[in-house]
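User: Could you walk me through a few residues of this model? I'd like to go through them one question at a time.

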Amino acid sequence: MFTGIVEELGEVTAVEQLQEASRFRLRGPLVTQDAKHGDSIAVNGVCLTVVETADGEFTADVMQETLNRSSLGALTEGSRVNLERPMALGGRLGGHLVQGHVDGTGEILSRTPSEHWEIVKVALPENLARYVVEKGSITVDGVSLTVVEAAADWFTISLIPTTLALTTLGIKQPGDPVNLEVDVLAKYVERLLAAGVDPLRANPAGEPR
């Protein structure tokens, strides 16, 4: 589980194409300080398993399913990436609950700079639109953000200078793909309602109180 608060702006140092998979080597001195084989690190919002670490770098195998559902397949040597370690139990939840399970990809449509922040408009896949609401939370390339406006096929986010400087959202341009993860709580509520269950009145066994 992650919070969407990016810890480090890392870099892809190598990409090896495997059969129906890819192996990435990524540089991230901060996130690898205490990382070991089997740990999780979110890369642009995608939860990946650490294969090995050495000299501030780690490798991760990315299966075809992940490449199909995210923008990781577009990464090449030298690409910058957002990195985050899993949240520690008992720590502060700075963003919102993020699983690192990408729901789909969007595309940067436009950037509108102002003196103290920048408004970014992102294309929204039709199947995700119902989960995105004004003032709700969404994860874009692993960054926990608040939705400013939500339409049927796009939404906007407001980026402060810190986010622009410390994440890849500061360098993404119109036409660039981004990974999207919607609020998992909205998906659970939808599933319960579709089954005719009132989530406010159901007990753990799913039976009405």
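**Residue by residue**

Analyst: Happy to! Beyond its neighbours within four places in sequence, Glu 57 is in contact with Thr 13, Arg 25, Leu 26, Arg 27, Thr 32 and Glu 52. Please keep in mind that this is a predicted model.

User: Which strand holds Glu 57, and is Glu 57 buried or exposed?

Analyst: Glu 57 belongs to the strand that covers residues 57–63, which is β5. Its relative accessible area is 19%. Buried means under 20%, so with 19% Glu 57 counts as buried.

User: With which side chain does the side chain of Glu 57 make a polar contact?

Analyst: Among the residues in contact with Glu 57 are Arg 25 and Arg 27. The polar contact, at 3.0 Å, joins the side chain of Glu 57 to that of Arg 25.

User: Which residues make the nonpolar surface patch of about 260 Å²?

Analyst: One member is Met 1, from the segment before β1 (8–18). Met 1 has 46% relative accessibility and is partly exposed; patch residues need over 30%, so Met 1 passes that cut-off. The patch is made by Met 1, Leu 93 and Leu 97.

User: Where is Ala 186, and what distance separates its C-alpha atom from that of Arg 80?

Analyst: Ala 186 sits in helix α3, residues 184–194, and is partly exposed at 28% relative accessible area. Along the chain, Ala 186 and Arg 80 are 106 residues apart.

Technical notes
Residues numbered from 1 in each chain as written. Predicted model: local features only at pLDDT ≥ 70, side-chain atom pairs only at ≥ 80, totals over all residues. Heavy atoms only, no water. Patch = residues over 30% accessible without salt bridge, like charges linked within 9 Å, V, L, I, M, F, W, Y side chains within 5 Å. Areas by Shrake-Rupley, 256 points an atom, 1.4 Å probe, with all protein chains shown as cover. Salt bridge = Lys/Arg side-chain N within 4 Å of Asp/Glu carboxyl O. Helix = DSSP H or I, 4+ residues; strand = E, 2+ residues; numbered from the N terminus. Buried < 20%, exposed > 50% of the residue type's maximum accessible area, 1.4 Å probe, protein only. Polar contact = N/O pair within 3.5 Å; in protein donor to acceptor, adjacent residues only side chain to side chain. Contact = heavy atoms within 4.5 Å.
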